[in-house]
Amino acid sequence: MIADLHNHTPLCNHATGELDDYIQKAIINNTRYFGFSDHAPMKFDEKYRMRFTEMPSYEHSVLEAKRRYQEDIEILLGYEVDYLEGYIDERVLNAKVDYFIGSVHFINKWGFDNPEFIGHYKEQDIDTIWQEYFDTIESMAKTGLFDIVGHLDLIKVFNFLPNKDIRPMAQNALKAIKKADMVIELNMAGYRKPVKEAYPSKILLAMMRELDIPITFSSDAHSPDQVGLFSEQLVMLAKEFSYDKCAVFKNRDRQLINF
């Protein structure tokens with residue numbers, strides 16, 4: 001897998017392993033561009049992210065790794081930023097990074113992908129939950145703040161699937177992503193979750209292809225052994241929908257490369 005842009009560090013408090021271990025696994029995988037994009041700090045759900053005071057050490061450690069491994073692989077610096085209205089912080093948005101991943105992990109402050117709160121799925125209409133999720137993705141895209149959409153259909157993580165056709169639910173979000181000129185990651189973490197498939201689904205990939213929305217690749221690794229774990233499946237999935245280029249970033253500038 002030539003590019004792998006969404007990976008974490010122990011600073012998020014739910015990942016393990018040293019940066020070097022992630023990078024060395026990526027080198028073994030023949031990855032050319034490897035990005036760290038750990039959970040950006042914010043004054044909400046602070047248990048699962050770095051603190052604002054840790055931003056300098058995070059950025060320094062990634063940039064130092066970039067220098068040390070420059071002969072073997074290109075290391076990129078990013079943040080995964082939770083889109084939650086009222087909580088996005090300028091200290092994050094002003095960081096000098098290669099890219100920002102915009103992700104939705106909350107619907108009205110409900111952490112829907114956290115097993116601690118899984119019971120909430122049974123308290124609401126599943127189709128309403130899915131529509132609210134994609135409405136939030138649409139709002140995130142319309143901010144114009146981010147470069148990559150993280151795990152587009154994360155709402156399926158526990159395999160609670162809608163009764164209705166997903167396409168009308170997602171169409172406005174995808175149009176907003178296209179208008180914002182964002183990239184959507186193909187994220188292999190779904191293979192490790194109850195849903196047992198990549199983010200996004202084939203239905204959404206077909207819609208993305210029709211809109212000519214660019215893609216990139218991500219392990220979303222929280223431990224070194226997860227780096228590139230399902231890379232062959234992810235690349236095959238992209239090729240199934242006639243993608244042959246993926247996005248990488250440098251200083252927020254996008255480049256499409258062949259894979």
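**Close-up views of rings and core in a predicted model**

**View 1. Arginines over aromatic rings.** Arg91 lies over the face of Phe52, 3.7 Å from the ring centre. Likewise, the charged end of Arg209 sits over the ring of Tyr243, at 4.5 Å from its centre. Such a charge counts if NZ of Lys or CZ of Arg is within 6 Å of the ring centre and within 35 degrees of the ring normal. This is a predicted model, where local features need pLDDT of at least 70, side-chain atom pairs count only at pLDDT 80 or more, and totals for chains, interfaces and linings use all residues. Residues are numbered from 1 along each chain as its sequence is written, and side-chain values use heavy atoms, with hydrogens and water left out.

**View 2. The Phe112 and Tyr133 pair.** Phe112 is buried at 0% relative accessibility (buried means under 20% relative accessible area, exposed over 50%, partly exposed in between, with a 1.4 Å probe and protein chains only). Tyr133 is buried too, also at 0%.

**View 3. A cluster of rings.** Ring pairs join Trp110, Phe112, Tyr121, Trp130, Tyr133, Phe134, Phe158 and Phe160 into a cluster.

**View 4. Around Leu174.** Leaving out residues up to four places away in sequence, Leu174 touches Leu152, Ile184, Leu204, Met207, Met208, Leu211 and Ile213 (contact means heavy atoms within 4.5 Å).

Note on methods: Rings of Phe, Tyr and Trp (its six-membered ring) pair if their centres lie within 6.5 Å; planes under 30 degrees apart count as stacked, over 60 as edge-to-face and the rest as tilted.
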